[in-house]
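Here is a short report on one protein model. Please look over the sequence and the structure before reading on.

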Amino acid sequence: MEVIVPQEIELKFALPGVDGERALVLLRRHPLLRRRAMTHVRLVNRYLDTPDGWLREQRCALRLRQTQALATDGRTPTGQPRWEQTLKTAGQGEAALSVRGEWTTPLKRPRLDRAALDLTPLATLAGDAAPWDQLSVQYETRCRRTTWTLHLHGGARVEVALDVGELRAPGRRAPLLELELELLQGAPDALWLVAAALGQVLPLLPARASKAEQAQRLAAGSHHAPVRARSLELPPSAAPMVLARAALSDALGQLCDNLAAAASSDDPELIHQARVGWRRWRSVLRLVRPWLPDSPPEATALQPLLHTLGALRDWDVAATETVPTWAAAYVEDATAHPQRARTLQRALRRLRQAARVQRQTLRAQLADPATVAPLQALAAWVVQLRDDTATAPPPQWAFERLQRWHKRLARALAQPPADAAAAIEALHAARLLAKRLRYASEAAAAVLPAKAAARTQRWQRRARGWQERLGRWRDTLRAAELLAAVHAHPGLVGFLRGVAAAQHPLRGGA
């Protein structure tokens with residue numbers, strides 16, 4: 001007998017730079033929703049786990065939810081509150097799209113129904129060793145949910161839900177604002193059509209983290225922590241499109257997750273990891289390009305955002321890494337050279353101020369629906385990738401592509417142009433190639449045979465070494481340029497230029 005697992009299929013979006021009331025106004029006025037009935041409910045979600053996170057390790061979320069209907073003013077409670085218990089298991093997920101198992105049980109009171117869990121996969125995860133008696137509320141979310149139900153052409157039904165509230169953990173609170181589109185009936189394509197329409201008035205930034213994950217991060221003190229690349233779980237010798245769907249999805253998710261956090265956090269590492277996500281995206285795209293059924297949506301509209309990320313990263317690195325690294329060497333002795341110390345501090349203040357201005361530009365861009373829309377389009381494109389190529393790739397398709405890139409990098413570094421300006425341009429191109437080789441190798445590692453994986457790991461280490469070496473040199477050159485741009489003392493600018501000359505990657509040969 002086939003067991004049918006209840007599924008939840010939804011898209012989730014962050015709304016950077018928008019407050020809840022403004023988001024509600026814009027949605028109510030949207031042509032897709034303004035003639036639709038709207039309902040308000042108050043939701044309290046209490047998430048249960050053991051103190052050591054046993055459920056999280058099983059990739060499950062268990063919640064008790066109170067639902068209280070609200071009047072049309074969105075504030076006055078009506079009727080009696082209802083409680084239910086829901087178990088969600090991890091499933092497939094690409095970018096903003098989530099497909100998960102879900103089991104819900106009505107409750108008469110806000111207490112765990114242990115018997116209901118016996119009818120879910122959770123009952124077999126640890127058998128008699130399951131720590132049921134240790135389950136308790138670890139964190140919660142409270143929000144007002146406003147919903148509309150759309151009946152679309154072709155029979156699809158989609159629920160639009162705006163959640164405005166907060167995350168709560170012991171001693172910590174954080175705002176919660178997100179838009180969810182849940183498929184009630186029909187094909188998942190309907191979700192993307194609705195998202196594209198609503199994304200014309202709201203900045204819908206694809207988001208991966210569930211409310212439970214967000215609250216758990218808050219409890220752990222990592223709510224806005226930088227998001228790094230995830231390990232890919234892929235079968236050996238996987239086809240190009242299998243790798244593409246997993247790696248591109250994670251790269252885009254890394255970009256969007258860090259952008260969402262950067263909308264309210266000044267952590268420079270968020271900008272770095274957002275740019276790493278985009279580099280991974282481009283590297284994997286180049287790796288699988290011969291087998292792509294069609295090209296991704298045009299990313300020209302993303303260029304202003306990418307340019308801002310690059311510029312902000314330059315200011316951050318100059319202010320927090322490069323100049324502080326060489327501060328002691330420049331000042332030497334603050335007692336003997338007080339003017340140098342004052343010059344240095346004045347320059348650092350100007351660099352930090354320039355970074356703040358650039359960060360404000362980034363946040364204004366993230367609040368612009370037109371800026372964020374291309375990311376939504378890329379997420380929709382990744383989800384539809386299928387392994388249906390007409391021509392079968394060679395058995396070692398990934399290894400052969402990476403090998404060609406490694407040879408190109410070796411040639412570029414072995415024979416730099418004699419002309420100084422041309423050499424700088426060539427080294428910059430080599431740095432980009434080193435990045436591509438590194439990130440594509442990391443993505444392909446899971447699908448390569450053992451011997452090929454060992455060779456690509458050596459290439460990856462060499463590529464990372466050259467990337468870091470070229471990067472330090474480039475960062476020092478760039479810091480000198482930025483110091484000049486903020487009218488720092490010529491002596492400090494000249495000092496950094498001298499350091500860059502001494503750091504030249506090919507000084508003494510490759």
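Is H487 buried or exposed? H487 counts as exposed, at 66% relative accessibility. The cut-offs: buried means under 20% relative accessible area, exposed over 50%, and partly exposed in between, with a 1.4 Å probe and protein chains only.

## Model and confidence

This is a predicted model, in which local features need pLDDT of at least 70 and side-chain atom pairs count only at pLDDT 80 or more, while totals for chains, interfaces and linings use all residues. Residues are numbered from 1 along each chain as its sequence is written, and side-chain values use heavy atoms, with hydrogens and water left out.

The mean pLDDT (the predictor's confidence in each residue, from 0 to 100) is 91 for the protein. A score of at least 70 is reached by 94% of the residues. Helices (H or I, at least four residues) and strands (E, at least two) are DSSP runs, numbered from the N terminus. Among these elements, strand 9 (residues 205–206) has the highest mean pLDDT, 98. Helix 4 (residues 122–125) has the lowest, 77. Over residues 1–5, pLDDT stays under 50. For that stretch the model has 2 contacts (heavy atoms within 4.5 Å) beyond four places in sequence.

## Loop residues

H487 sits in the loop between helix 14 (450–485) and helix 15 (490–502). Its phi is positive, near 60°, in a residue other than glycine. S237 also has a positive phi, about 60°, and is not a glycine. Most residues other than glycine have a negative phi. The loop holding S237 runs between helix 6 (211–219) and helix 7 (240–262). S237 counts as exposed, at 51% relative accessibility.

G186 lies in the loop between strand 8 (172–185) and helix 5 (189–198). At 46% relative accessibility, G186 is partly exposed. G186 and A156 are 30 residues apart in sequence, yet 4.2 Å apart in space, C-alpha to C-alpha.

## A buried arginine

R63 belongs to strand 3 (residues 60–70). R63 is buried but has no salt bridge. The criterion is a side-chain nitrogen of Lys or Arg within 4 Å of a carboxyl oxygen of Asp or Glu. The nearest side chain of opposite charge, E84, is 4.3 Å away; Lys and Arg count as positive, Asp and Glu as negative, and His and the chain ends are not counted. Leaving out residues up to four places away in sequence, R63 touches N45, R46, Y47, E84, Q85, T86 and K88.

## Cysteines

The whole structure has 0 disulfides, a disulfide being a pair of cysteine sulfur atoms within 2.5 Å. C60 is buried, at 12% relative accessible area. C143 is buried too, at 4%.
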